[in-house]
Amino acid sequence: MHYNFQFVTKVFAMKGIKIELLGIAIIPLGIAVTTNNFWGYVLGVLGFGVAVVGCFLKDNH
């Protein structure tokens, strides 16, 4: 019997550049959270959410 098994890290693997961009997205999130501004919180979390979703989208190649 041959099972079609793949490691979890291979299935959910992100390329190095995506991990790097996710790390860069944390910096503006930290700046936005330290402000005492509601829109800073909302837009900082929204921007970080867009970065996270972009990291898990499938590439063309």
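A residue counts as exposed when its relative accessible area is over 50%, and as buried when that area is under 20%. The structure described here is a predicted model. The protein has 61 residues, of which 15% count as buried. It contains three helices and zero strands, and its pattern along the sequence is α-α-α.

**Confidence**

- The mean pLDDT of the protein is 77, and 69% of the residues reach 70 or more.
- Among the elements, helix H1, residues 8-11, has the lowest mean pLDDT, at 54.
- Helix H3 has the highest mean pLDDT, at 87.
- Where pLDDT is low, the predicted coordinates should not be read in detail.

**Overall surface**

**Helix H2**

- Helix H2 covers residues 16-34. Its 19 residues should span 27 Å at 1.5 Å a residue, and the end C-alpha atoms are 28 Å apart, so the two values agree.
- The buried residues of H2 are Lys18, Leu22, Ala25, Leu29 and Ala32. These residues lie on the same side of H2, because they cover an arc of only 65° around the axis.
- The other side of H2 carries the exposed residues Gly16, Ile17, Ile27, Ile31 and Thr34.

**Helix H3**

- Helix H3 covers residues 38-56. At 1.5 Å a residue, its 19 residues should span 27 Å; the distance between its end C-alpha atoms is 28 Å, which agrees.
- Gly40, Gly44, Ala51 and Cys55 are buried in H3. Their arc around the axis is only 40°, so they sit on the same side of H3.
- The face of H3 turned away from that buried side carries exposed residues. They are Phe38, Trp39, Leu43, Val45, Leu46, Val50, Val53 and Phe56.

**Nonpolar surface patch**

- Val33, Phe38, Trp39, Tyr41, Val42, Leu43, Leu46 and Val50 make a nonpolar surface patch of about 820 Å².
- Helix H3 gives the largest share of this patch, with seven residues.

- Trp39 belongs to helix H3. Its relative accessible area is 56%, so Trp39 counts as exposed.
- Leu43 is also placed in helix H3. With a relative accessible area of 53%, Leu43 is exposed.
- Leu46 is another residue of helix H3. Its relative accessibility is 52%, and Leu46 therefore counts as exposed.

- Leu43, an exposed residue, and Ala32, one of the buried residues of H2, are 11 residues apart along the chain. Their C-alpha atoms are separated by 7.9 Å.
- Leu46, which is exposed, and Leu29, which is among the buried residues of H2, are 17 residues apart along the chain. The separation of their C-alpha atoms is 9.2 Å.

Definitions and conventions: Residues are numbered from 1 along each chain as its sequence is written. This is a predicted model: local features need pLDDT of at least 70, side-chain atom pairs count only at pLDDT 80 or more; totals for chains, interfaces and linings use all residues. Side-chain values use heavy atoms; hydrogens and water are left out. Patches are made of residues with over 30% relative accessible area and no salt bridge: like charges are joined within 9 Å, nonpolar side chains (Val, Leu, Ile, Met, Phe, Trp, Tyr) within 5 Å. Accessible areas come from the Shrake-Rupley method with a 1.4 Å probe; for residues, only the protein chains shown count as cover. A salt bridge is a side-chain nitrogen of Lys or Arg within 4 Å of a carboxyl oxygen of Asp or Glu. Helices (H or I, at least four residues) and strands (E, at least two) are DSSP runs, numbered from the N terminus. Buried means under 20% relative accessible area, exposed over 50%, partly exposed in between (1.4 Å probe, protein chains only). pLDDT is the predictor's confidence in each residue, from 0 to 100. The expected span of a helix is 1.5 Å times one less than its number of residues. The arc is that of the directions from the helix axis to the C-beta atoms.
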